[in-house]
Amino acid sequence: MNARHLPANALAKALGPAGAESTPAVHLPPTPGQLVSCKLPTRWGEFDLHGLVDAVTGAEHAAMSLGRLDDGEPVLTRLHSECLTGDTLYSLKCDCGTQLEGALQAIAQAGRGVLLYLRQEGRGIGLVNKIRAYALQQAGADTVEANRLLGLPDDARDYAVAADMLAQLGIKKVRLLTNNPAKVDALQGLGIEVVERLSLHMPSNPHNQGYLQTKSRRMGHYGPDE
Ligand SMILES: [Zn+2]
């Protein structure tokens, strides 16, 4: 690979400090735990896309940001956990896909903010376990009962990597877009100051009304009026 015509700072960004110093290798592995960045045009404008390999789990997480984040001012922030069915397969069983769109739209409107896209499918239980839980829900269980019948936790998500990504982006204070008080507590416990919580409620549909009610009744989520 001949990369000598590329500017040194572009090489450093793409390859990491070690790669820029040595001769660039074709199959240079990503450094675990270290964010790499590029531009990503979207329907809401041109975001900065960041990604890292989780040094503990090996999962690849992403973040999309707009504007300057490291000036000490609170940053509009959304922690979005991957939902393959809702985000990309157009499922109406949950509100993940519409929340993802709503959050990116809110960040674009504000002109500054970040969305972390955390690869913890099905509140951390994985895609195949989520499909097993959906099958139990078809038989009448709610989302909490289904997980318990399978011997799985209600919510297995861990936000340590989210706090690490925010720190690497220079963010210490956030205005958090969430209906989930557990996310506020988790970030505060990890040293990120949540100066404000902003609700993110999207219109429901007949397929996800039960799920949304369970989230507020059994999982402590804030409803639209709280
Ligand atoms: Zn979902």
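A: A term to start with: two strands pair if DSSP finds at least two bridges between them. Also, this is a predicted model.

Q: OK. What is the strand order in the open sheet?
A: The order is β1-β2-β3-β5-β4-β6-β7, seven strands with mixed pairing.

Q: Which strands stand at the edges?
A: β1 (36–42) and β7 (193–198). Each has a single partner strand, so one side of each is left without a neighbour in the sheet.

Q: And how are neighbouring strands turned against each other?
A: By 30° on average, ignoring direction.

Q: Let's look at β5. Is it buried or exposed?
A: Strand β5 covers residues 113–118, and six of its six residues are buried. G113, L115 and Y117 are on one side, with V114, L116 and L118 on the other.

Q: How does β5 pair with β3 and β4?
A: With β3 (residues 60–66) the pairing is antiparallel, over five bridges. With β4 (residues 75–81) it is parallel, also over five bridges. L115 is the bridge partner of M64, and L115 is the bridge partner of R78 too.

Q: What lies across β5?
A: Helix α6 (residues 160–168) does, running at about 145° to β5. Helix α6 also lies across β2, β3 and β4.

Q: New topic: what is the phi of Y90?
A: It is positive, about 65°, although Y90 is not a glycine. Y90 is in the loop between α2 (84–88) and α3 (96–110).

Q: Why does Y90 count as exposed?
A: Because Y90 has 8 other C-beta atoms within 10 Å, and exposed means 12 or fewer.

Technical notes: Residues numbered from 1 in each chain as written. Predicted model: local features only at pLDDT ≥ 70, side-chain atom pairs only at ≥ 80, totals over all residues. Buried ≥ 20, exposed ≤ 12 C-beta atoms within 10 Å, placed from the backbone. Helix = DSSP H or I, 4+ residues; strand = E, 2+ residues; numbered from the N terminus. Axes fitted to C-alpha atoms, helices over the stretch in contact; angles between N-to-C directions. Contact = placed C-beta atoms within 7 Å.
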